[in-house]
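My plan is to go from the whole surface down to single residues.

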Amino acid sequence: MNGSPASVVEAAFRHYRSQDREAALPLYADDFTFTSPRDDRIGKAAFFERCFPTADRFTEQRILHLVAADAEVVFVQYEYELTSGERYRNMEAITVRDGLVREVQVFFGGRV
């Protein structure tokens with residue numbers, strides 16, 4: 001996919017929410033890594049097996065801020081509501097190089 005890092009990140013979020021795995025897969029580099037407080041640098045296959053299919057836990061997810069920090073890194077702050085009614089905010093630092101998501105680092109926030 002050609003486009004700015006911000007547009008690649010927006011597409012990745014959109015495909016996650018709609019659970020469009022076929023559209024999402026080509027956005028991620030083969031050597032992609034994902035890190036969160038629950039995952040330590042897992043690869044693309046593990047991410048799509050364990051993390052990608054979790055959108056059904058949410059009733060809503062809104063991007064609050066999406067900012068290109070430099071030519072490769074995009075910071076995203078988003079708020080989501082779980083099916084339990086609880087609301088949270090997280091931050092992600094996402095590295096996009098050559099039109100592909102290379103790395104995602106998730107920082108969990110607290111309850112809103």
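**Surface and overall dimensions**

I started with the surface: the protein chain has an accessible area of about 6,200 Å², and 49% of it belongs to carbon and sulfur atoms. I took areas by the Shrake-Rupley method with a 1.4 Å probe, and for residues only the protein chains shown count as cover.

I note that this is a predicted model, where local features need pLDDT of at least 70, side-chain atom pairs count only at pLDDT 80 or more, and totals for chains, interfaces and linings use all residues. Residues are numbered from 1 along each chain as its sequence is written, and side-chain values use heavy atoms, with hydrogens and water left out.

Next I looked up the extent. The C-alpha trace spans about 40 × 30 × 25 Å along its principal axes. The radius of gyration is 13 Å, which agrees with the value near 13 Å for a compact globule of 112 residues. That radius is taken over C-alpha atoms, and the globule rule is 2.2 Å times the number of residues to the power 0.38.

I then checked burial. Of the 112 residues, 43% are buried. Buried means under 20% relative accessible area, exposed means over 50%, and partly exposed is in between (1.4 Å probe, protein chains only).

For charges, I found 14 positive and 18 negative side chains, with the centres of the two sets 4 Å apart. Lys and Arg count as positive, Asp and Glu as negative; His and the chain ends are not counted. I placed each charge at NZ of Lys, CZ of Arg, CG of Asp or CD of Glu.

**Elements and core**

I listed three helices and six strands. From the N terminus the order is α-α-β-β-α-β-β-β-β. Helices (H or I, at least four residues) and strands (E, at least two) are DSSP runs, numbered from the N terminus.

Of the contacts with a separation of 6 or more, 43% join residues 24 or more positions apart. Contact means heavy atoms within 4.5 Å.

The largest nonpolar core holds 29 residues, and Y28, F34, F47, I94 and V101 have the most contacts inside it. Two or more residues come from each of α1 (5–18), β1 (28–36), α3 (44–51), β4 (73–82), β5 (87–97) and β6 (100–111). Helix α1 gives the most, with six residues. A nonpolar core is a set of buried Ala, Val, Leu, Ile, Met, Phe, Trp, Tyr and Cys residues joined through side-chain atoms within 4.5 Å.

What does V101 touch, leaving out residues up to four places away in sequence? I found V8, L27, Y28, A29, F32, I94, T95 and V96.

H15 lies in helix α1. H15 is buried, at 15% relative accessible area. Beyond four places in sequence, H15 touches D20, A23, A24, L27 and F52.

A6 counts as buried at 19%.

**Positive phi**

Most residues other than glycine have a negative phi. Which phi does Q19 have? I read a positive value of about 55°. Q19 sits in the loop between α1 and α2 (21–24) and is partly exposed at 33%.

D98 also has a positive phi, near 55°. D98 is in the loop between β5 and β6. D98 counts as exposed, at 69% relative accessibility.
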